Amino acid sequence: MLENMLDYVRIFLYVSLLILGFLLFQAWQVEHPPVTIGQTQSSESATHFVPNTSVTTPVPMEKGTTPSDIPAPTKGQIVTVTTDRLQVAIDTQGGDLIQAKLLQYPESLGSKQPFLLLNDNPKTRYIAESGLLSAIGPDTKTSQALYSVDQANYALAPNQHDVVVNLHWQKDGIQVIKRFIFTRGSYEVKVRYEISNQGNTAWEGNFYAQLVRTNSPPETQSGLVNLTTFFGAAVSTPNKPFEKIAFKSMQDNPVNLTTKDGWAAMIQHYFITAWVPTDNTQTNYYSNVTANGLYTIGLLGSKIVVPPNGQFNTEAKLYTGPTIGSELEKTASTLKLTIDYGWFWFIAIAIFWLMQTIYDFIGNWGLSIILVTVFIKLLFYHLSAKSYRSMSALKRLQPRIELLRERYGDDKPKLTQSTLELYRQEKVNPMSGCLPILIQIPVFIALYWVLVESVQLRQAPFILWIHDLSQKDPYYILPILMGISMFIQQRLNPPPPDPLQAKVMLAMPLIFTILFKDFPAGLMLYWFVNNTLSFLQQWYVMRSINAKT
């Protein structure tokens, strides 16, 4: 029977949505391998990775070439820098950023502690290193430079735009200033090297910058917020603007490519740290994994030659902060691609833009989700209304279809032919009843990734008990309301003729409620509002049709 087939199609679509939800729930396991013992060893016994400077760009390293590992240096003096957005710690041994706190992002909901991104904790080590590799220093294959500094604490004053921190190193007539420039309202740090050669021979070396961390995903609050699109490294080149590199891949297939421009980054949920070299320069991108579980992604610049009495300046940009598209674009145009919205990214971008625009006016992300849902319903209003009219007509035809069943009995070909003729005479398209579900699936998936990936929704409150739209509803009120609204919507549809199908359809609201109870509250809010608007529209359409008959 044709109507049986259509009911099976409808059930299939619901089951598909259930499977999609389950896959989204399990997606993080693919790219989040368990942390092994070796990955949580103390960084005190770690080895410091040094890129292979024997490789002169644009010629890449030969396959099998292994850069050297050198013992971790002793700590130098710690310099703290505080701006309106960042509080960082710089170790004068190497001039590395060993800590970065994001002052505008609390560690957890209600906490007064800022989120700690870069850190030198033995189990969660995550630092940003850079240097000048040369036979005579500042950095060599056996040691890092020990810089001197004028003061130990720097802070951005209310009337200041920038904070500049100068680290000094000199040896055998070579003078190097490693200059950090922090800017108000920015998560970008400029790192500039000024090399002055007052010796009798030319200085030769390479600039390098790298990110080093353990494979230990940051702990988060309970709920589906753990579902990140990716945790690992990434590189960008003109040929491939965004290439994700899982930690396991770094072990099996180390990165080794040379190109102009691009960037190298470490990515985690909501936050990113990235090194971006000077524009239009040849750069070798590399990765490495040390024996005790430190993962490195970095870049090595072309050879620099500074003749006697000569000077040379080189610099790179370091972004360490939230994955906000407008902020990332300022550092590198393709860096915003690290906000991974998944399969339906084009829908997700449009949804987020609309949500952001509404939020800028009303200041509440929950209300923004509601208004976006209303907008989407209005956008598809006529399409949905046509579907509901068809479903209403199909419901009215049920008595006549039952008479056809009684008339033709087991003669299924004749019954199908007569049923199709009835649909044609009454101008009813049974397939249109599946349209609301088909429309909902891509929007559901796109909004899911918007809620999961958008740092703007992290710890965003709605009303009353909903204090974080990116986390599950703590009392499961929204999932229950979603299930009720789905049940009401189903009652407006013609019931399946097959008893088994009817039972399956009746159980769907309960199954959906249980499966999606731990999904972000923002997603449940969307689904509840969408279902409510859908059955109100369907009721209105059916009432209008009944009034005319």
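The largest pocket is lined by 21 residues, and Gly325, Lys336, Ile339, Tyr341 and Ile349 are the ones that lie nearest its centre. This is a predicted model, in which local features need pLDDT of at least 70 and side-chain atom pairs count only at pLDDT 80 or more, while totals for chains, interfaces and linings use all residues. Residues are numbered from 1 along each chain as its sequence is written, and side-chain values use heavy atoms, with hydrogens and water left out.

Let me begin with the pocket. The largest pocket has a volume of about 500 Å³, where a volume is the space filled by probe spheres set on the points, and grid points are joined across faces, edges and corners. Which elements give two or more residues to its lining? They are α3 (325-331) and α4 (345-362). Helices (H or I, at least four residues) and strands (E, at least two) are DSSP runs, numbered from the N terminus. Helix α4 gives the most to the lining, with 5 residues. By residue class, the lining divides into 10 nonpolar, 7 polar and 4 charged. Here Ala, Val, Leu, Ile, Met, Phe, Trp, Tyr, Cys and Pro count as nonpolar, Asp, Glu, Lys and Arg as charged, and the others, Gly among them, as polar.

I turn next to helix α5. Helix α5 covers residues 365-379, 15 residues, and reaches 21 Å from its first C-alpha to its last, close to the 21 Å expected at 1.5 Å a residue; the expected span is 1.5 Å times one less than the number of residues. Among the buried residues of α5 are Trp365, Ile369, Val372 and Ile376. Buried means under 20% relative accessible area, exposed over 50%, and partly exposed in between (1.4 Å probe, protein chains only). An α-helix has 3.6 residues a turn, so residues three or four places apart point the same way. Phenylalanine 375, also in helix α5, counts as partly exposed because its relative accessibility is 43%. Phenylalanine 375 and leucine 354 are 21 residues apart in sequence, and their C-alpha atoms are 9.4 Å apart in space.

What does the side chain of asparagine 364 do at the start of α5? One of its oxygens reaches to within 2.8 Å of the backbone nitrogen of glycine 366. This is a polar contact, a pair of N or O atoms within 3.5 Å; within protein, one must be able to donate a hydrogen and the other to accept it, and residues adjacent in sequence count only if both atoms are side-chain atoms. Polar atoms of the asparagine 364 side chain also lie 3.0 Å from the backbone nitrogen of leucine 367 and 3.2 Å from the backbone oxygen of phenylalanine 462. Asparagine 364 is placed in the loop between α4 and α5, and it counts as buried because its relative accessibility is 14%.

Now to the strands. An open sheet of 9 strands runs in the order β8-β10-β11-β12-β21-β18-β17-β14-β15, with antiparallel pairing; two strands pair if DSSP finds at least two bridges between them. At the edges stand β8 (148-149) and β15 (243-245), each with a single partner strand, so one side of each is left without a neighbour in the sheet. Strand β8 pairs with β10 (residues 162-171) over 2 bridges, and 10 bridges join β10 to β11. The hairpin of β10 and β11 has 2 residues between them. Most residues other than glycine have a negative phi, and most peptide bonds are trans. The bond from glycine 137 to proline 138 is cis, with omega near 15 degrees.

I close with strand β7. Is β7 enclosed or open? All 8 of the 8 residues of β7 (residues 126-133) are buried, so the strand is largely enclosed by the rest of the structure. Strand β7 is joined to β13 (residues 203-214) by 8 bridges, and the two run antiparallel. Within this pairing, serine 130 stands opposite alanine 209.

Notes
1 Å grid on protein atoms, 1.4 Å probe; cavity = no way out; pocket = protein on both sides within 12 Å on 5 of 7 lines; lining within 4 Å.
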